[in-house]
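Hi everyone, and thanks for coming along.

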Amino acid sequence: MSADRKQHEMGDISNLITDMTIKAASPSEIARAVRHSMVVIDAEKHHLNYKLSAIDNGIQELKQKYQGKANAGASTLISKAKADVRVPYRKEGQLIGPISKTTGKPKRIYVES
């Protein structure tokens with residue numbers, strides 16, 4: 001495996017793991033994808049068979065289920081969200097209640113700035 005191929009395969013499996021996580025895949029399915037990613041990481045250095053790993057871990061099946069096609073790329077693009085959502089900065093306001101028995105903190109009103 002060449003270094004370029006390794007980069008391509010790592011991007012491919014990383015996208016799959018991201019899509020699976022977003023789409024609430026079971027832990028056993030995510031574990032299969034992660035096992036394959038570890039083989040891909042070490043394939044160049046240790047001459048591992050990443051193609052056999054893909055078959056053993058059912059990567060094509062996972063790609064079909066979570067990305068729509070067995071040869072598809074990422075189906076979700078977290079880093080390129082269409083909406084620009086900003087989380088407002090807030091600061092603590094006045095105390096409005098007694099100390100919570102569960103958290104041990106007083107109840108406060110927060111003021112957005």
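Let me start with a question: is the crossing of α1 and α2 left-handed or right-handed? The crossing of α1 and α2 is left-handed. By left-handed I mean that the near helix is turned anticlockwise from the far one by less than a right angle, while right-handed means clockwise.

Some ground rules before I go on. This is a predicted model, where local features need pLDDT of at least 70 and side-chain atom pairs count only at pLDDT 80 or more, while totals for chains, interfaces and linings use all residues. Residues are numbered from 1 along each chain as its sequence is written, and side-chain values use heavy atoms, with hydrogens and water left out. The helices (H or I, at least four residues) are DSSP runs, as are strands (E, at least two), numbered from the N terminus.

Back to our first pair. Helix α2 covers residues 27-46, and α1 packs with α2 at an angle of about 165°, with the axes 10 Å apart. Those axes are lines fitted to C-alpha atoms, for helices over the stretch in contact, and the angles run from 0 to 180 degrees between N-to-C directions. So α1 and α2 are roughly antiparallel to each other. The cut-offs are under 35 degrees for roughly parallel, over 145 for roughly antiparallel, 65 to 115 for roughly perpendicular, and oblique for the rest.

On the α1 side, the contact (heavy atoms within 4.5 Å) includes Ala3, Lys6, Glu9 and Met10, and on the α2 side it includes Ser37, Val40 and Ile41. By class, the residues of this contact of α1 with α2 are ten nonpolar, three polar and four charged. Here Ala, Val, Leu, Ile, Met, Phe, Trp, Tyr, Cys and Pro count as nonpolar, Asp, Glu, Lys and Arg as charged, and the others, Gly among them, as polar.

Let's zoom in on one residue. Met10 sits in helix α1. Which residues does Met10 contact, leaving aside its neighbours within four places in sequence? They are Ser37, Val40 and Ile41. Met10 and Ser37 are 27 residues apart in sequence, yet 6.7 Å apart in space, C-alpha to C-alpha.

Now bring in α4. The angle between α1 and α4 is about 50°, with their axes 10 Å apart, so α1 and α4 are oblique to each other. Their crossing is left-handed. Among the residues making this contact are Asp12, Leu16 and Met20 of α1, with Ile59, Leu62 and Tyr66 of α4. The contact of α1 with α4 has six nonpolar, two polar and three charged residues.

Glu29, Arg32, Ala33 and His36 in α2 meet Ile59, Glu61, Leu62, Lys65 and Tyr66 in α4. That contact of α2 with α4 divides into four nonpolar, one polar and four charged residues.
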